[in-house]
Number of protein chains: 2
Amino acid sequence: MITKAFFYHAGCPVCVAAERNVANSLDPKKYHVESVHLGENKSRIRDAEAAGIRSVPALVLDGAVFHINFGADIGALK
Amino acid sequence: MITKAFFYHAGCPVCVAAERNVANSLDPKKYHVESVHLGENKSRIRDAEAAGIRSVPALVLDGAVFHINFGADIGALK
């Protein structure tokens with residue numbers, strides 16, 4: 001079964017590396033990953049915070065948040 | 001091409017979640033992931049530190065380190 005997943009980022013270098021190596025490398029048979037640029041889609045920040053995102057880049061897989069390294073605090077994107 | 005990757009952990013709950021959802025969900029057509037329990041294999045701590053690991057859980061993909069959330073400082077495992 002393919003599950004919808006989310007990758008939240010802000011286009012920063014740390015984010016780009018995490019997207020390329022981690023988010024884009026998830027098994028397409030397990031996850032369909034939507035990449036959300038919170039700097040360009042500020043209306044999605046509320047959803048991200050509700051999911052538990054405190055910084056970007058971060059993945060949400062099966063409802064669980066995985067912060068990957070540290071690019072920016074989500075508060076800095078508002 | 002399948003690349004060798006490493007997942008460093010210490011068996012902690014944060015590590016287990018990251019292994020299940022992230023490390024084990026990487027595309028097997030891209031990465032072959034070796035899972036290394038640093039608490040049980042202290043001789044591997046030097047390699048992990050040399051790779052740039054500062055805390056676990058963490059992935060090393062194509063030589064780049066991705067710390068995932070925070071389970072334990074690597075110094076606490078020595």
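**Salt bridges in close-up**

**View 1. Salt bridge between A:Lys78 and A:Glu49 in the predicted model**. A:Lys78 pairs with A:Glu49, and their closest N and O atoms are 2.9 Å apart. A:Glu49 belongs to helix α2 of chain A, whereas A:Lys78 lies in the segment after β4 (64–73) of that chain, so the contact ties together parts that are 29 residues apart in sequence. A:Lys78 is exposed, its relative accessible area being 60%. For A:Glu49 the relative accessible area is 33%, and the residue is partly exposed.

**View 2. Salt bridge between B:Glu49 and B:Lys78**. In chain B, the side chains of B:Glu49 and B:Lys78 meet with an N to O distance of 2.9 Å. Because B:Glu49 lies in helix α2 (residues 45–51) and B:Lys78 in the segment after β4 (64–73), the pair ties together parts of chain B that are 29 residues apart in sequence. B:Glu49 is partly exposed, with a relative accessible area of 34%; B:Lys78 is exposed, at 62%.

**View 3. Salt-bridge network of A:Lys4, A:Glu34, A:Arg44 and A:Asp47**. These four residues are joined into one network by salt bridges that share partners. One of the salt bridges links the side chains of A:Glu34 and A:Arg44 at 3.2 Å, N to O. A:Glu34 lies in strand β2 (residues 31–37) of chain A and A:Arg44 in the loop between β2 and α2 (45–51), so this pair ties together parts that are ten residues apart in sequence. A:Glu34 counts as partly exposed at 24% relative accessibility, and A:Arg44 also counts as partly exposed, at 22%. Over all chains, the count comes to eight salt bridges.

Technical notes
Residues numbered from 1 in each chain as written. Chains lettered and ligands numbered in written order. Predicted model: local features only at pLDDT ≥ 70, side-chain atom pairs only at ≥ 80, totals over all residues. Heavy atoms only, no water. Helix = DSSP H or I, 4+ residues; strand = E, 2+ residues; numbered from the N terminus. Buried < 20%, exposed > 50% of the residue type's maximum accessible area, 1.4 Å probe, protein only.
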